[in-house]
Amino acid sequence: MADADRIVEPVHWGAHLVRSPEVSYTEVDGTPVVVRWVDREVEALTPTWAALWGRLDGRGVAEALDVDPGTLDPVTARNLLEVLRRFKADGLVDDAVDGGPTSHTESLAAGASASKPMPTSFTADLVVASGTVTLRLGPTIDGRIQATLDQIDGDPRIRVGRRGRRRTVTDVEVTFDDPTFDDESTAPIRRFVELVRAVDPPDTSDRARLTDLLAGIAERAHAPVPGPH
């Protein structure tokens with residue numbers, strides 16, 4: 001149920017829409033994607049849609065997008081509003097509480113320039129061997145190990161706890177026990193989806209950082225070729 005003080009209104013040129021605080025943005029293999037962390041759903045966007053979503057900061061739609069609706073042809077205007085309605089229906093944007101940029105927008109800007117020193121903890125299906133962490137996803141997985149994902153000089157680092165010992169490994173390998181990842185044209189995004197579904201939902205302050213790290217791992221991951229049965 002919506003908060004009592006939250007304005008609920010149809011999507012129109014004067015509507016005040018703001019990016020949802022439950023959603024994080026990243027790019028996977030050059031494709032813009034957003035993660036709705038409340039239910040760990042991933043949606044790929046076109047570059048144009050990503051640009052539109054990124055400008056929604058609580059101002060009126062026409063002002064935020066810097067468009068004059070009166071100069072748009074009817075088809076373009078209708079299609080643009082339909083995109084915004086889809087954003088709202090998918091939980092990517094909310095109605096702003098007031099008529100201006102929100103504190104959420106300000107926190108996004110601050111987070112983009114800040115380097116957070118704290119790691120992001122998560123639980124996933126992990127296999128540890130020979131200094132390499134292998135994150136294996138698929139129908140054959142059993143057992144879960146607590147791990148901490150961090151970033152040093154732009155590269156992922158994972159600290160793994162097992163049998164009372166804890167160590168840091170620098171080689172992160174991700175494999176998928178699923179033959180549907182054979183199509184390399186879309187495999188990085190589908191791997192990213194599986195990674196998002198594998199980790200526990202992070203705290204709000206860590207979501208953007210974790211989203212980017214998972215995107216980087218998905219781009220470097222590989223899917224083993226199924227052997228003979």
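This is a predicted model: local features need pLDDT of at least 70, side-chain atom pairs count only at pLDDT 80 or more; totals for chains, interfaces and linings use all residues.
Residues are numbered from 1 along each chain as its sequence is written, and side-chain values use heavy atoms, with hydrogens and water left out.

Back to that pair: the axes of helix 5 (residues 187-198) and helix 6 (residues 207-220) come within 8 Å and cross at roughly 135°. Axes here are lines fitted to C-alpha atoms, for helices over the stretch in contact, with angles from 0 to 180 degrees between N-to-C directions. Helices are DSSP runs of H or I with at least four residues, strands are E runs of at least two, and numbering starts at the N terminus. On the helix 5 side you'll find Pro188, Arg191, Phe192, Leu195 and Val196, meeting Thr211, Leu214, Ala215, Ile217 and Ala218 of helix 6 (contact means heavy atoms within 4.5 Å).

Three strands make an open, antiparallel sheet in the order 5-1-6, where pairing takes at least two DSSP bridges between two strands. Strand 5 (57-60) and strand 6 (93-95) are the edges, each pairing on one side only. Strand 1 (residues 16-19) pairs with strand 6 over three bridges, and Leu17 has Asp95 in strand 6 as its bridge partner. Helix 1 (residues 47-55) packs on the sheet, touching strand 1, strand 5 and strand 6.
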